[in-house]
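Here are a few notes to read alongside the model. Take them one at a time and look for each part as you go.

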Amino acid sequence: MSVIVITERTGDTITQASWEAITCAVELAGKAGSLVTVIVMGRSIREEAERIAGMTGLSVLGIEGDALDLFNAEVYKNILVEVLPEMTPDSICLPHTAATGYDLAPALAVRLGASCITAVDKVNYEGEVPVFLRTGMGGKIVEHVAPTGPCMVLTVLPGAWPPFRGTPSQPGDVRLATSHRTPEKTCALGIREATGDGGMDLQKADVIVAAGRGVEKEEYLSLIEALARIFAKSAIGASRGACDKGWFGYGRQIGVTGQTVSPRLYIACGISGAIQHISGMKGSQVVAAVNTDRKAPIFSVADFCVVDDLARFIPAFVEVCRKHRGAA
Amino acid sequence: MNILVCVKQVPDSEGLITIDDEGMGIVFKGAYRMNRYDEYALEEALRIRERGDADVVDAVSVGPRRAASTLKRAIEMGAADGIHIITAEEPRLTPFETASLIASYARQKEYGLILTGIMAEDDMHCQVGPMIAELLGYPCASSVIFEEHRGGGHGLRVEREIEGGRREGLELSLPAVLTIQSGINRPRYPALSNVLRARAQKLIEIDAASLAPPAPRERLTALRYPDIAAKGVFLEGTTAEKADALYRALHEKALI
């Protein structure tokens, strides 16, 4: 029995979400008394495979092939369904990312006849048996899900586990394999970096004022801007929902498929706090949240919670700040 | 080429969602509507038809009787036929069951392209589209934010939106499955002619049992409310008092 992690790479190294999936896998394996194997795929990945084995003490399987330089779901899954069965996995963990997990996990589950549980953010144990927790209904409900069969494919929500940090007494063993498989129905064309719109501002800002679907009308935008102007190194961010309304460019999106930020202060305005958004901002040092719904999940990660209407609260807050500045 | 768009009926986020007494089912008070991501998928299919790369756009939905209104909405937006694979209200199907039902319907029809939203807003699995592709042996691209036909209509070039706002290019041969990310287009409002057509037109109804769905591979063991044991404090009082309290709190931490 074993737990497998299928990592994803950016360039030569595996992503943060992959290191988080390794942490989840080690936790699962510890309970079940199984061994963890980390799989890394690419054209030339010996160095990265050895680095992972050295940092984790876990077994690493490196699969090399000319067609594996860029991610290609078709060829990746065709190779994985060849190598996975002989490893008799009980769990296969992937990052819950658009980059790899969205395409790979459901396809692998179908091919392997396995259960598929996606966007897992916590594991509970009933005795030794794991039950997987995932959030639905815009963050309002937590589902507890268990597999019905012996093998399961899991995707691990980014931000739910910390990246793996270990102090192994000795490096894990590294096995390298080569595959000459090539894709037949698809062709990967490469990655284009995000365009300028706001992305860098968000990374450099001390304070981020973020707008959600609760920003209902265009006149609210000037309120958000007025709030951001109070702070010196500030930037305006948005939830996916607010971007979809057309108020903000997607370069300002915070959360899964957007930016991951960790400013000194994050002010969430009219953001309900779907887990996809929270995973992109929960590294912020201090979080203030304003929402009309006292039960909004954003309040679970906020230090200061304000239940109020943005149209009333922001002008009042701006006024208080002005008064104190005037006095100073 | 014909296109099949998979649409799901979801509870509107403005409604009230609670858990039943057994802790196993969801009680919803409010309006149901089409999953927003599926609206983008339907709009993209209609645009492909309008630019001359497809002949017919159909919509399919797996769900209980009430899901018929979402298929009517799809016809109002411009879908030709609405195919309703009818299930019971409870239990909710797993993504694998839903994908298997759609795949066994689509297998007989030879659609050149199958579109879904990237995920359903309610359970957010991100599974049904890629599973349909796997069951039919079609290539798949998830999180698609741009698509165009190439090679005389035999293939597609797409861009997938991945983490950090980056875009990954991919070519796929047809038939194929795409899961559509929001923001790829602006979904249209229904034209009056289609609204009238939807009122008169009957949906194609299929009993889910007749498509021999597989057994589920996951089981729900419980539903819970999230732990909103807020780590922080709720500022109370009038709006002015709350504004003052927040100012003082941020000032104390030297954030303002």
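1. Helices (H or I, at least four residues) and strands (E, at least two) are runs assigned by DSSP and numbered from the N terminus. This is a predicted model, in which local features need pLDDT of at least 70, side-chain atom pairs count only at pLDDT 80 or more, and totals for chains, interfaces and linings use all residues. Residues are numbered from 1 along each chain as its sequence is written, and chains are lettered from A in the order in which they are written.

2. Start with the cavities. A cavity is a set of points, on a 1 Å grid over the protein atoms alone, where a 1.4 Å probe fits but cannot get out; its lining residues have an atom within 4 Å of a point.

3. Which helix gives the most to the lining of the largest cavity? H3(A) does, with three residues. Helix H3 (73-83) of chain A and strand S11 (167-173) of chain B each supply at least two lining residues. Both chains take part, with A:Phe71, A:Lys77, B:Arg160 and B:Leu170 among the lining residues.

4. Now the sheet. Two strands pair if DSSP finds at least two bridges between them. An open sheet of 10 strands with mixed pairing runs from S11(A) to S14(B). Those two, S11 (174-178) of chain A and S14 (218-224) of chain B, are the edge strands, each pairing on one side only.

5. A:Cys116 stands opposite A:Val153 in S10(A).

Note on methods:
Heavy atoms only, no water. 1 Å grid on protein atoms, 1.4 Å probe; cavity = no way out; pocket = protein on both sides within 12 Å on 5 of 7 lines; lining within 4 Å.
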